[in-house]
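Please look over the sequence and the model below before reading on. The briefing that follows it is arranged by topic.

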Amino acid sequence: MNDQNKNLILATVLSFLVIMAWSVLFPPEDIPVDPATQAATETGEALLPTAEQAAEPAATAPAPETVAIDAPRIPIETPELSGSLSLQGGRIDDLALKPYRVSLEEGSETVHLLRPVGAPDAYFATFGWTATDGIDAAAVPGPDTIWSLESGDTLTPDSPVTLAWDNGAGQIFRTEISVDDKFMFTFDQSVQNTGPAPVSARPYGLLRRHGTPSDLKNFFILHEGLVRMSDGELEETKYNKITDYAVDPRERTQAERVEVGNAGWIGYTDHYWMTTLIPDQTTPFRSTSKYFDSRDLFQAEAVMQPETIAPGETATVTTRLFAGAKEWETIRNYEEQGGVSGFLDSIDWGWFFFLTKPIFWLLHTLNAYIGNMGWSIIALTFILKALVLPLAYKSYVSMARMKELQPEMEKLKERAGDDRQAMQQGMMKLYKDNKVNPASGCLPILLQIPIFFSLYKVIFVTIELRHAPWFGWIRDLSAPDPSSIFNLFGILPYTIPNLGPFEIISLGILPILLGISMWLQQKLNPAPTDPTQKMIFAWMPWIFMFMLGSFASGLVIYWIANNIITFSQQYAIMRSHGAKPDVFGNIKSGIQRKKQAESDKKQGK
């Protein structure tokens with residue numbers, strides 16, 4: 001055994017001894033447990049929603065899940081959805097989105113949103129009850145209860161199904177499940193009390209996700225994780241922040257609980273898909289987000305108010321479940337016509353929501369008329385440029401005047417020599433005497449930054465751009481240009497493999513056109529006299545070409561259109577004020593200066 005292995009073993013033993021000693025000397029603090037809280041599992045985690053009980057003991061949560069019980073299934077078939085629900089817990093745990101494919105490749109699978117326990121990325125919704133008074137905790141249905149099918153055989157928009165469960169103690173629980181032609185399920189949970197005494201119980205709905213999604217983008221501009229609305233306040237929590245929750249003694253696990261007064265919802269959002277519990281928007285409910293560390297489970301709960309059912313009476317509570325694609329028009333209809341408070345905010349509009357919302361609305365409206373998202377982006381660019389034209393006009397006029405002052409600035413530079421202070425003072429006097437603002441040229445650029453970022457957000461986040469074609473080789477505006485310089489943009493008959501971190505050098509046609517358009521735009525003006533500025537301006541178009549080469553092609557189309565429109569506007573405005581931009585002359589002089597510099601270098605000058 002060499003010395004390195006000996007040291008490794010010694011370090012391991014010492015580390016173990018230190019941990020043991022620390023545990024003995026500083027034992028973990030006991031977490032106080034609310035006696036009214038639901039009982040925990042063997043791992044100390046309450047997998048069911050908690051219920052404040054006056055007298056009855058708490059229900060025991062189910063044992064750790066391994067695979068789902070082979071319970072009967074009810075097919076789900078709608079224009080947008082296909083799958084099945086299990087009679088185990090009445091779980092919606094098998095759901096595919098029929099209009100959406102994983103990729104554009106032929107034979108690509110349909111996007112699967114919900115999956116049963118035992119499958120990869122298990123993720124399901126279930127509804128049940130917790131006992132509060134007059135009923136035993138084991139006499140209410142939970143996530144593992146085996147329901148019986150009372151009516152219906154296939155869940156469709158025209159045919160709901162009803163599940164029933166008799167607890168044998170005088171109460172019959174029913175759940176009528178219906179679905180619309182898009183992505184909204186409705187659960188009417190009822191309990192009929194045939195017993196001699198009143199009983200009280202709380203209905204709930206929960207979403208349970210096993211681990212973080214395998215296709216998690218984990219990109220800074222995109223929110224993936226918990227999303228909930230509580231009395232008008234939106235909360236977005238990423239999965240890595242949920243795992244940092246403090247332990248809530250009332251829930252016996254890491255959790256954050258919010259008591260909602262009258263309107264809200266809670267769920268999980270992915271890049272393009274979302275699953276959300278939506279209680280009655282006029283009644284209070286408890287919104288809880290949990291994380292079970294030992295099992296790597298994420299759980300979102302909506303626990304409604306207790307229902308007291310007198311003998312011979314029946315109580316019914318309605319909760320909705322959204323499970324589908326985050327289509328703007330669909331979600332807007334659920335908000336405006338379905339009364340779901342603030343539901344449009346479930347789409348991740350970001351910090352610049354005051355720009356991203358109207359930009360997307362305009363893009364969506366243009367697409368409704370044009371029928372092509374690529375051309376709609378170009379039309380949107382024309383509209384945005386028209387809106388900022390007054391400011392751009394002032395900027396271009398100022399730039400035309402500065403061009404007229406170029407000879408004076410050259411003379412000033414000769415007089416000042418190396419005296420920078422004299423140069424600065426002379427330039428400021430020259431600008432003041434001629435009423436020229438040198439900073440005005442930056443204004444259009446500053447305006448473009450939030451617009452560019454907002455459009456980037458819209459293109460990256462909204463599902464309407466996913467797999468949206470333009471023409472020719474651009475089949476997905478949300479993805480980078482698939483053409484590559486390495487196969488001469490498709491002329492050579494082979495596919496470029498994934499280059500990983502070197503993907504940036506595999507330029508497509510659109511990024512190259514972007515670089516050329518920026519370079520031509522610069523040539524409206526002579527190159528700066530300052531060597532540093534001159535070098536920066538010379539490299540900028542090509543740096544942007546490589547930077548934006550891996551961006552969504554829809555964004556690159558916007559930038560190219562923006563450059564072309566800017567070039568045309570600036571050229572026309574400068575001409576109208578007597579300036580005569582010499583684009584080809586500036587290109588020619590730039591080439592000549594480069595050749596002269598190379599010649600001087602060879603001659604040792």
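This is a predicted model: local features need pLDDT of at least 70, side-chain atom pairs count only at pLDDT 80 or more; totals for chains, interfaces and linings use all residues.

Residues are numbered from 1 along each chain as its sequence is written, and side-chain values use heavy atoms, with hydrogens and water left out. Helices (H or I, at least four residues) and strands (E, at least two) are DSSP runs numbered from the N terminus.

- Gln254 belongs to strand S14 (residues 253–260), and it counts as buried because its relative accessibility is 12%, where buried means under 20% relative accessible area, exposed over 50% and partly exposed in between, with a 1.4 Å probe and protein chains only.
- The side chain of Gln254 has a polar atom 2.7 Å from the backbone oxygen of Thr243, and this side chain also reaches the backbone oxygen of Tyr245 at 3.0 Å.
- Leaving aside neighbours within four places in sequence, the residues in contact with Gln254 (heavy atoms within 4.5 Å) include Ile242, Asp244, Val247, Ser289 and Tyr291.

**Helix H8**

- Helix H8 (residues 420–433) has 14 residues and spans 20 Å from its first C-alpha to its last, close to the 20 Å expected at 1.5 Å a residue, the expected span being 1.5 Å times one less than the number of residues.
- The buried residues of H8 are Met423, Gly426, Met427, Leu430 and Tyr431.
- Seen down the axis of H8, these buried residues fall within an arc of 135 degrees, so they line one face of the helix; the arc is that of the directions from the helix axis to the C-beta atoms.
- Gln421, Gln425, Met428, Lys429, Lys432 and Asp433 are exposed on the other side of H8.

**Strands S5 and S10**

- Strand S5 (residues 123–133) is mostly covered, with ten of its eleven residues buried.
- S5 pairs with strand S10 (residues 199–210) in the antiparallel sense over ten bridges, where pairing requires that DSSP finds at least two bridges between two strands.
- Phe124 has Arg208 as its bridge partner in S10.

**Ile560 in helix H12**

- Ile560 lies in helix H12 (residues 553–576) and counts as buried because its relative accessibility is 11%.
- Not counting residues up to four places away in sequence, Ile560 touches Leu510, Leu513, Leu514 and Ser517.
- Ile560 and Ile378 are 182 residues apart in sequence, yet their C-alpha atoms are 9.1 Å apart in space.

Technical notes. A polar contact is a pair of N or O atoms within 3.5 Å; within protein, one must be able to donate a hydrogen and the other to accept it, and residues adjacent in sequence count only if both atoms are side-chain atoms.
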